[in-house]
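Welcome! Please take a look at the model below, and then we can go through its charged side-chain pairs together.

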Amino acid sequence: MTMGEALHSSVGTLIREWRGTRRLSQLELALEADISTRHLSFVETGRSMPSREMVLLLADRLDVPLRARNQLLLAGGYAPVYPESALDSAPMSVVRAALRRLLAGHDPYPAAVVDRFWNLVDSNESAAILTAGVSAELLTPPANVLRITLHPEGLAPRIVNFGETRSHLLGRLRRQVSVSNDAGLAELYAELAGYPCGDHVPEVEVPGPGDVVIPLRLRFEGHQLSFLSTIATFGTPLDVTAAELIIESFYPADDLTAQVLRQRPATQLPETGNDTAATH
């Protein structure tokens, strides 16, 4: 939902929608917020206008993302309280410095930072191994890492276990859409789900013998490399941009991959458009 849409929706309607998304009854939310179900019902139906503090309390108990909390405040007639700073602005300098340390410290293994739409914000030099052979059009900023991975002219032809990888990434994005109620992410999911796939795509991820994670198996210069990855976010963000940044770090899942990465010379990635995280 955009800010404009929020202005045309009642705060009660939005709270009820978020309660439905979180699958909470009025009683459950009222208990969480320590208010009466009658009061909550009046807020949701528009019979009572919640205070600014009540909007923020309900948003907190519903685990509403910061961007959407600002939308709730606007719908209630209040000014947004959470800033959305450009990544290159002075208030974000400490965030930029932390990201650069994380990325540089992760070399020689790939790592990247993306925004809420999975557009590439920054990456380390080793991430170039993941974009080798990808169409230049897909790498044009704002380059979307999910599109790069699943597009037929992207990483897809080099992924050995493409069906598994596709299922995992679409499942992750589907869950993100469910949590965020974000129309832009829903559009991205519909686009990616429409890409062709000649491999078997499991509907449910089931481990094979000895499996503990689903690795990304990638063809590279005559080798088959295997990666596992971790996802990180800032722990206590009070800025919309900072809250929406995602750091994905890749690690070798076998000795061969570790050896190839350690021996490979550094390669600088093309410009990634570092201001994209603050423009959505």
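Predicted model: local features only at pLDDT ≥ 70, side-chain atom pairs only at ≥ 80, totals over all residues.

**A network**
- Salt bridges link Arg-67, Glu-84, Arg-116, Asp-182 and Glu-244 into a network.

- Arg-147 and Glu-191 form a salt bridge, with 2.7 Å between the closest N and O atoms.
- This pair connects distant parts of the chain, 44 residues apart: Arg-147 belongs to helix H9 (residues 145-150) and Glu-191 to helix H11 (residues 183-193).
- Arg-147 is partly exposed, at a relative accessible area of 23%, and Glu-191 is partly exposed too, at 31%.

**Helix to strand**
- Glu-164 pairs with Arg-217 in a salt bridge whose closest N and O atoms are 3.9 Å apart.
- Because Glu-164 sits in helix H10 (residues 162-180) and Arg-217 in strand S3 (residues 216-220), their contact ties together parts that lie 53 residues apart in sequence.
- Glu-164 has 29% relative accessibility and counts as partly exposed; Arg-217 is likewise partly exposed, with 27%.

**Arg-52 and Glu-53**
- The side chains of Arg-52 and Glu-53 meet in a salt bridge, at 3.7 Å from N to O.
- Is Glu-53 buried or exposed? Its relative accessible area is 52%, so Glu-53 is exposed.
- Arg-52, at 34% relative accessibility, counts as partly exposed.

Note on methods
Residues numbered from 1 in each chain as written. Heavy atoms only, no water. Salt bridge = Lys/Arg side-chain N within 4 Å of Asp/Glu carboxyl O. Buried < 20%, exposed > 50% of the residue type's maximum accessible area, 1.4 Å probe, protein only. Helix = DSSP H or I, 4+ residues; strand = E, 2+ residues; numbered from the N terminus.
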